[in-house]
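Please look over the sequence and the structure shown here before reading the report. The account goes through the model part by part.

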Amino acid sequence: MNWTIWLNGLQWFFLLYFIAMNIGYILLNLLSLRALKNYMEAQGLADLPAHAGYEPPISILIPAFNEAARIVDLVRSLLQLDYPEFEIIVVNDGSDDNTLAALQREFSLVLFPEAYWQRIKGKGVRTIYRSSNHPNLRVIEKEHGGKADTLNAGINAARYPLFCAVSADSILQSDSLRRAVRPFLENPLTVASGGAVRIANDCEMRNGFLTAAALPKSGLALMQIVESLRTFLFGAMGWSELNAVLIVSGAFGVFRKDTVIEAGGYLTSTPGEDMELIVRLHHMLRLRGVPYRITFVPDPIFWTKAPESAGALKAKRIVWQHRLAQSLTVNMQLLFNRKGGAVSWLAFPYVMIFEWLGPMFETMGYVFMILGFASGLISWQVFSVFLLIAIGFGMMLSVTALLLEELSFHIYPRTTQLAKLLIAVLLENFGYRQRVSLWRFIGLLRWIFHR
Amino acid sequence: MSLAAFSVPHLKLLLWVGVAVVGITMLLLVQTVMLRVQLILRRRREQRLAALWQPLFAQSMAVLPQSLPPIARSDWDAFLRLWNNTQESLSGESKHKLNQLAWACGVSHAAQQLLSQNSMRARLIAVTALGHLQEKNAWARLKRMADDPHPLLSLAAARALMQIDAKTALTELLPLFTRRHDWPLNKIASMISEAGADAVTGPLTLAVESAAPEDFPRLVRLLNVAHSEQALPAIRRILQSAADDRVISSCLQTLTDPEDVGLALAYLRHPSWFVRVQAASALGRIGSKEDLDALIAPLSDPVWWVRYRAAQGLASLPQVTLDEVRQIRDRVNDRFAKDILTQVIAEKQAS
């Protein structure tokens with residue numbers, strides 16, 4: 001019968017999809033391993049005192065919309081960054097809370113008659129202030145235009161050749177900027193560098209900086225640590241080795257200003273402006289045949305509080321999937337482009353199949369197998385093999401990611417922390433991973449039906 | 001009805017794949033735990049070594065200890081790292097005294113043995129140690145390593161050569177400074193400044209004079225760590241005859257002598273905006289009140305950076321007061337010139 005052939009084919013498809021996806025991740029981890037080895041060797045030498053210094057000046061941009069509660073603390077901590085020369089530009093995106101008032105009160109802002117150079121077009125800038133206590137702090141007050149427009153205004157006002165976009169919920173370490181800028185020092189072709197998000201729940205903080213990492217008490221946050229190690233951290237490190245990293249958290253990234261201006265700045269029509277910018281930089285530079293590097297920095301440089309409730313995490317993953325879909329579809333010309341190299345022929349198709357559409361196949365695979373088994377269409381042997389492969393590969397990947405972490409940064413130094421993580425990498429595959437796939441699938445559906 | 005989707009061999013194959021994956025996962029788990037155990041043991045060993053040797057390092061600054069404990073073969077890696085890090089934190093005579101202790105411990109022999117290892121990390125440690133030790137016997141091997149395609153190893157070897165004999169090393173390394181674009185300029189500058197301006201000024205100036213236009217900006221930036229006044233005659237000659245924009249722009253950045261005002265003035269109307277920017281900056285740096293009028297025209301330049309540097313230059317000319325700058329702002333008709341002067345006045349007031 002026809003439907004049996006279909007069902008048979010589907011069984012094979014889902015099984016092979018799971019195998020292919022996990023083999024892809026494993027290959028990425030192997031690439032990461034090589035990259036990490038080189039990186040850690042370089043790290044050893046770069047940390048010697050004679051090799052420090054000479055960092056280029058940098059403009060730190062903070063887009064702020066109704067951030068009265070946390071903006072002052074963030075700026076105060078950024079002012080203490082361990083970096084030779086930097087300026088901070090807070091761009092207030094027409095907030096209707098007390099963001100501006102809080103900044104004015106804390107940093108003694110005075111009106112500053114700046115000859116604002118609008119290299120990227122955007123909503124009108126109303127006023128520019130400068131702190132009388134901190135000459136390297138300016139605040140731009142503009143009409144509400146969204147995060148991308150706000151960042152573009154910051155780029156227009158930036159004085160230095162590099163800029164760093166920092167979101168208001170960021171938690172940094174005092175040396176975060178030094179680490180993020182290192183790729184620019186080591187390779188003059190670098191146009192952007194970004195790091196992975198690390199989870200800050202229950203970590204030790206002092207003066208707004210993270211001083212000691214700790215594991216969160218919340219199980220959900222703990223699972224997100226494992227997830228971030230597996231997908232965002234060592235996956236990106238592998239792609240970085242091929243100069244094909246497409247997904248970098250935009251919450252903390254350093255960019256060469258002129259290249260971003262040349263690319264037209266952040267795109268205001270997509271919610272995933274930070275992710276999209278990375279893809280567009282690849283797009284522009286690959287197609288022009290310009291040599292360049294977009295580097296992923298694996299160091300722990302940027303931390304954020306992870307959601308501890310399922311509802312909040314679900315919302316976050318839905319938004320993430322939506323943003324990913326946007327940034328890929330806007331740059332679809334890059335897919336299988338003759339000039340696109342590893343980005344067009346490896347990273348883009350991989351991200352499309354396993355990250356963008358992946359949650360759909362993963363969720364449907366599980367649903368199909370469970371329903372098939374429950375209805376007796378799929379034998380218990382086939383069902384068991386499917387679970388063994390899907391969960392076995394998942395565990396293998398998570399353990400590999402933890403192994404890479406152990407080979408490199410040892411962020412969690414205590415033995416009890418390692419034990420807790422070892423348990424988490426195994427448990428993560430029983431429920432958490434599947435739930436995240438489902439939420440991302442919902443994000444994908446929402447993008448399809450509401451774009 | 002059960003769907004007989006898989007033949008028994010297929011199912012068996014997939015089952016074995018699954019079992020293998022789970023088996024590998026367990027091995028990886030064990031490996032992770034082993035790594036942690038190794039890390040703990042290594043840290044303990046390092047702490048033990050540091051507790052033993054750091055007081056001896058401190059003592060050797062005054063007088064070389066009479067007897068030194070033997071260093072086990074397995075401890076050499078950690079010992080050399082400790083010794084390298086201590087050397088990096090010292091300067092002058094103290095470095096020399098720590099070297100005496102190293103000679104007594106047999107650091108040279110151990111480092112040269114590590115140099116032959118396959119591990120890049122071990123070779124980096126050894127190269128760094130041989131540099132600090134100024135071990136002339138390692139010169140030939142280090143020279144070969146300076147040509148290694150690996151940027152870190154070659155750079156570390158270049159630094160070691162500079163530490164051993166800066167003048168001789170510079171003649172070997174100058175072509176590499178321009179050719180090796182994988183060597184970050186800041187690291188080259190760092191090793192040059194370690195050697196001291198006296199040692200590097202002469203060879204660098206000669207290299208600058210004969211550099212190709214594409215190499216010129218890189219070399220000129222290194223002049224910042226040399227005695228730039230000694231290089232000035234060469235810079236002047238180049239500025240008077242240069243045709244390449246990059247060369248002119250780089251030379252203008254090095255001008256510090258008021259006698260060279262004429263050179264800066266000559267480039268204020270250059271077609272390349274980045275030359276005009278540097279000319280305006282140079283004029284602000286070395287010009288006098290007499291040059292004030294020359295900086296008014298660039299205030300209306302189409303490029304923001306030229307306007308900004310001209311305004312900054314104008315406001316920083318000696319004997320030019322803020323009131324005079326305000327008067328100029330009120331006098332000029334161009335809106336861009338007014339705006340940029342207003343900004344620079346506000347900056348001056350705030351600083």
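This is a predicted model: local features need pLDDT of at least 70, side-chain atom pairs count only at pLDDT 80 or more; totals for chains, interfaces and linings use all residues.

## Domains of chain A

The domain assignment divides chain A into domain 1, made of residues 2-24 + 351-450, and domain 2, made of residues 54-334. Taken over C-alpha atoms, the centres of domain 1 and domain 2 of chain A are separated by 31 Å, and the contact involves 29 residues of domain 1 of chain A and 24 residues of domain 2 of chain A.

On the side of domain 1 of chain A that touches domain 2 of chain A, two or more residues each come from helix H10 (341-356), H12, H13 and helix H14 (432-450) of chain A. The largest share of that side, 9 residues, is supplied by H14(A). Sorted by class, this side of domain 1 of chain A consists of 19 nonpolar, 4 polar and 6 charged residues.

In soluble globular proteins, nonpolar side chains tend to be buried together. The largest nonpolar core of this model comprises 135 residues, and those with the most contacts inside it are Ile60(A), Leu61(A), Val90(A), Cys164(A), Ala236(A) and Leu246(A). Helix H12 of chain A, residues 380-407, contributes the largest share of this core, 15 residues. Both domain 1 and domain 2 of chain A give residues to this core, so it lies between them.

Leu246(A) illustrates the contacts made there: leaving aside residues up to four places away in sequence, Leu246(A) touches Trp239(A), Ile278(A), Val279(A) and His282(A), as well as Ala347(A), Phe348(A) and Val351(A).

## Helix H13 of chain A

Helix H13 of chain A, residues 415-427, has 13 residues and reaches 19 Å from its first C-alpha to its last, close to the 18 Å expected at 1.5 Å a residue. Its buried residues are Leu418(A), Leu421(A), Ala424(A) and Val425(A). Because these residues cover an arc of only 120° around the axis, they are on the same side of H13(A). On the other side of H13(A), the exposed residues are Thr415(A), Thr416(A), Ala419(A) and Ile423(A).

An α-helix has 3.6 residues a turn, so residues three or four places apart point the same way. What do the buried residues of H13(A) pack against? Their partners are helix H6 (219-241) and H12 of chain A, together with H1 of chain B.

## A glycine in helix H12 of chain A

Gly394(A) is found in helix H12 of chain A, and this residue counts as buried because it has 25 C-beta neighbours inside 10 Å, where 20 or more are required. Not counting residues up to four places away in sequence, Gly394(A) touches Asn429(A) and Arg433(A). Although Gly394(A) and Asn429(A) are 35 residues apart in sequence, their C-alpha atoms are 6.2 Å apart in space.

## Contact of chains A and B

The contact takes 49 residues from chain A and 43 residues from chain B. On the side of chain B that touches chain A, helix H1 (8-62), helix H5 (120-133), helix H7 (151-164), helix H9 (185-195) and helix H18 (335-350) of chain B each supply at least two residues. Which helix gives the largest share of this side of chain B? That share, 16 residues, comes from H1(B). By class, the residues of the side of chain B that touches chain A are 25 nonpolar, 12 polar and 6 charged.

## Helix H13 of chain B

Helix H13 of chain B, residues 245-254, is mostly covered, with 7 of its 10 residues buried. The buried residues of H13(B) are Val247(B), Ile248(B), Ser249(B), Ser250(B), Cys251(B), Leu252(B) and Thr254(B).

## Residues with positive phi

Asn66(A), which is found in the loop between strand S1 (58-64) and helix H2 (71-79) of chain A, has a phi near 50°, a positive value in a residue other than glycine. With 15 other C-beta atoms within 10 Å, Asn66(A) is partly exposed.

In chain B, Gln319(B) lies in the loop between helix H16 (304-316) and helix H17 (322-331), and the phi of Gln319(B), a residue other than glycine, is positive, near 65°. Gln319(B) is exposed, with 9 other C-beta atoms within 10 Å.

Note on methods: Residues are numbered from 1 along each chain as its sequence is written. Chains are lettered from A and ligands numbered from 1 in the order in which they are written. A nonpolar core is a set of buried Ala, Val, Leu, Ile, Met, Phe, Trp, Tyr and Cys residues joined through C-beta atoms within 7 Å. A residue is buried if 20 or more other C-beta atoms lie within 10 Å of its own, exposed if 12 or fewer, and partly exposed in between; C-beta atoms are placed from the backbone. Helices (H or I, at least four residues) and strands (E, at least two) are DSSP runs, numbered from the N terminus. Domain bounds come from an automatic or database domain assignment. Two residues are in contact if their C-beta atoms, placed from the backbone, lie within 7 Å. Ala, Val, Leu, Ile, Met, Phe, Trp, Tyr, Cys and Pro count as nonpolar, Asp, Glu, Lys and Arg as charged, and the others, Gly among them, as polar. The expected span of a helix is 1.5 Å times one less than its number of residues. The arc is that of the directions from the helix axis to the C-beta atoms.
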